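I opened this structure for the first time today and kept a notebook beside me. These are my entries, in the order I looked things up.

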Amino acid sequence: MKNLKIAETLITAAFCCLGLTVVVPAQQPEANYDEAKVGRYTLPDPLITNSGKRVTDKRDWRQRRSEILQLFETHVYGRIPKTSTRINWEVTSTDAGALKGLATRREMTVFLTGAKDGPRMNLLLYVPNKRTGPVPVFLGMNFVGNHGISSDPSITLPIVWLRESRDGAYVSRRATEDSRGSASRRWPLEKIVSRGYAVMTLYYGDIFPDHKDGWKNSIIPAVSPKGNAAPAPDDWNAIGAWSWGLSRAMDYIEKDNALNAKRVALLGHSRLGKTSLWAGAVDERFAIVIANESGEGGAALSRRNFGETVERINTSFPHWFCGNYKKYNRDVASLPVDQHMLIALIAPRPVYIASAAEDLWADPRGEYLSALAADPVYRLLGTDGLAKSEMPGLHQPITSTIGYHIRAGKHDVTDYDWEQFMNFTDRHFK
Ligand code: GTR
């Protein structure tokens, strides 16, 4: 009992025989931060098919890839319905002299099902003014609303999801002036645009409000063929919905002549890093995928008992993954996949995994080892995989087709991270 503590969260245990629902406190082991206590684990081999055959040939990979994709849909992220969406949009503002004249800034409302009375999302786009042809794009969601990435007062204050108190209900309301630029430190727009990239962002709450009942106000009821019906255990949830939203942003990029749709680097931090990996796995139009400190359910190996665990994440954030994922809370070893196979789904496209030394909750070593375990797939497909088979020290980025760095500091997106992302995309887009 020593290493058990009462988790703050409560688990509902249904005692069917009594017809009662009783709420009992869940006991969860404390997070492990000791390498010596990680224990042994065996990773599923991405190159062995469900029926036990070894994939030795590039051509057989496509088949194996679709098996792995289905395993992730069924057990981890849920199935994203195949919708025949045809987006429509309206430009709501343009500034040809944004970022001290470096860029043209545009805001758009995208009607996600084509209908003006259907679900919508807002895009904020910066296109470098100095350009000779269609430019590559960094696409990433943001946590606070598009006005959060810059203090530019002419960006529309959007409708965002907020709660009055820590335990209060989430309500949608107009963002306040004082939240302008609150995330601008994480979006060095001038630097990115100066290096020839467009930047596009959207607020993740437009797609799925990030809380356990967010489903009801998400795009899911409007987009899913099941409408308002309760989701099945293998149906999409927040991460699936956010990924779907990113694909709709990609639909827009394909229609904009100023942007190079073949050179889109999708990036995300933390839960949005998990999302960028899943979106990049599902939608092969994304040419490069970057996952910053994506941790559990992102790049980090689930079987490695270090930092956050499957049980923790499913308890704190029951709405991120599909219902079936909860079955593995106490039995991670029986999961038919681990997260290196998610990275492998992106192959042979370049993928970059970034960690921070103080972000132990995300298990930096587990993120690196996962990238390393995806290497055989990348090599089979004729790339240089992950060039280093030892975890690098701080600030020694690896820029092979699987890229990786660990920097000093905390869970965050820093200028150092962006510098490495741009070096990586420069290298692989050229
Ligand atoms: C944490 C969560 C992590 C990570 C992070 C974030 O609370 O446990 O898995 O996703 O949130 O997204 O900021």
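**Ground rules.** I'm working with a predicted model, in which local features need pLDDT of at least 70 and side-chain atom pairs count only at pLDDT 80 or more, while totals for chains, interfaces and linings use all residues. I count residues from 1 along each chain as its sequence is written, and side-chain values use heavy atoms, with hydrogens and water left out.

**The ligand.** Which residues are around the ligand? I listed Ser270, Arg271, Lys274, Glu308, Ile313, Phe317, Trp320, Trp361 and His411.

Next I checked distances to oxygen atoms of the ligand. An N or O atom in the Arg271 side chain comes out at 2.5 Å from one. For Ser270, a polar side-chain atom is 2.6 Å from a ligand oxygen, and for Glu308 I also noted 2.6 Å, from a side-chain N or O atom. On its own the ligand has 310 Å² of accessible area, and the protein covers 79% of that (Shrake-Rupley method, 1.4 Å probe).

**The core.** I then looked up the largest nonpolar core, which has 89 residues. Such a core is a set of buried Ala, Val, Leu, Ile, Met, Phe, Trp, Tyr and Cys residues joined through side-chain atoms within 4.5 Å; buried means under 20% relative accessible area, and exposed means over 50%. Phe72, Leu139, Met200, Trp242, Ile253 and Leu259 touch the most other members. Helix H5 (residues 238-255) gives the most to this core, namely ten residues. Why does this core lie between domain 1 and domain 2? Both domain 1 (2-77 + 287-429) and domain 2 (88-267) give residues to this core, so it lies between them. The bounds come from an automatic or database domain assignment.

**Three single residues.** I found Gln28 in strand S2 (residues 20-29), buried at a relative accessible area of 2%. Its side chain makes a polar contact (N or O atoms within 3.5 Å, one able to donate a hydrogen and the other to accept it) with the side chain of Thr315, at 3.1 Å.

Arg59 sits in helix H1 (residues 58-77). Buried or exposed, I asked about Arg59? Arg59 is exposed, at 68%.

Arg180 is in the loop between strand S8 (170-174) and helix H3 (189-194), and I noted this residue as buried, at 14%. A polar atom of the Arg180 side chain lies 2.7 Å from the backbone oxygen of Ile155.

Terms used:
A residue is near a molecule or strand if one of its heavy atoms lies within 4 Å of it. Buried means under 20% relative accessible area, exposed over 50%, partly exposed in between (1.4 Å probe, protein chains only). Helices (H or I, at least four residues) and strands (E, at least two) are DSSP runs, numbered from the N terminus.
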